Amino acid sequence: MKENKVQFIAVTAMAVALTYVFTAFVNVRLPIAANGGLIHLGNVPLFIMAILFGKKTGTIAGGVGMGLFDLLSGWTAWAPFTFIIVGIMGYVVGAITEKHDQYGWKVAAIFAAFVIKIVGYYIAEIILYGNFVAPITSVPGNVVQIAVAAVIVLIVIEPIEIAVKKIGITQFA
């Protein structure tokens, strides 16, 4: 039991770090949208870790990893929204794939995260900008961000799952 807690802490800390690094350093700022917009690959490690290790790791990796990015990179007003929205994304991907191991469920989990991101950030932008029109300009960037992450994750997840199972680390209940 104690070993499982240590593994959980180590794996989840690594998930947070990878999510932060892929958000902070593998990104493109967009010249559109009210705040410029940002496309990053932080969703790649987030989805992989949520699929491999479950909803707890997914929630913490998403909320803390991307929320930390917002706090440290000048997007501070976004941090509370990111913490909640991306935390929910990680939770949902992990919760769905904890119960269903088949490839189609991974696709469904990432699609659910896609919907959460689009709706969540649209609402966040309404709150931040005070209107319903400006947030529409950020939807294409969010779509591209999740679509690229989905393609990458769905290509690499099965070999990564095999490797992780060989190591002997399992999902954390």
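Modeller: What follows covers salt bridges first and a helix after that. Keep in mind that this is a predicted model.

Colleague: How many salt bridges does the structure hold?

Modeller: The count is 4 salt bridges. One of them joins the side chains of Lys55 and Glu98, at 2.9 Å from N to O. Lys55 belongs to helix α3 (residues 55-72) and Glu98 to helix α4 (residues 79-99), so this pair ties together parts 43 residues apart in sequence.

Colleague: What does Asp101 pair with?

Modeller: Asp101 meets Lys165 in a salt bridge, 3.9 Å from N to O. This pair links distant parts of the chain, 64 residues apart: Asp101 is in the loop between α4 and α5 (103-129), while Lys165 is in helix α6 (residues 139-167).

Colleague: And how accessible are Asp101 and Lys165?

Modeller: Asp101 has 46% relative accessibility and counts as partly exposed. Lys165, at 58%, counts as exposed.

Colleague: Which residue forms a salt bridge with Lys106?

Modeller: That is Glu161, with the closest N and O atoms 3.4 Å apart. Asp101, Lys106, Glu161 and Lys165 are linked in a network of salt bridges.

Colleague: Switching to α6. What span should its 29 residues have?

Modeller: At 1.5 Å a residue they should span 42 Å, and the end C-alpha atoms of α6 are 39 Å apart, which agrees.

Colleague: Where does α6 bend?

Modeller: At Ile157, by about 45 degrees. A proline, Pro159, follows within four residues.

Colleague: Which residues of α6 are buried?

Modeller: Among them are Gly141, Ile146, Ala150, Val153, Leu154 and Val164.

Colleague: What do the buried residues of α6 pack against?

Modeller: They pack against β2 (38-40), α2 (43-53), α4 and α5.

Methods:
Residues numbered from 1 in each chain as written. Predicted model: local features only at pLDDT ≥ 70, side-chain atom pairs only at ≥ 80, totals over all residues. Heavy atoms only, no water. Helix = DSSP H or I, 4+ residues; strand = E, 2+ residues; numbered from the N terminus. Buried < 20%, exposed > 50% of the residue type's maximum accessible area, 1.4 Å probe, protein only. Expected span 1.5 Å × (residues − 1). Bend = angle between axes of the 7 residues up to and from the residue. Contact = heavy atoms within 4.5 Å.
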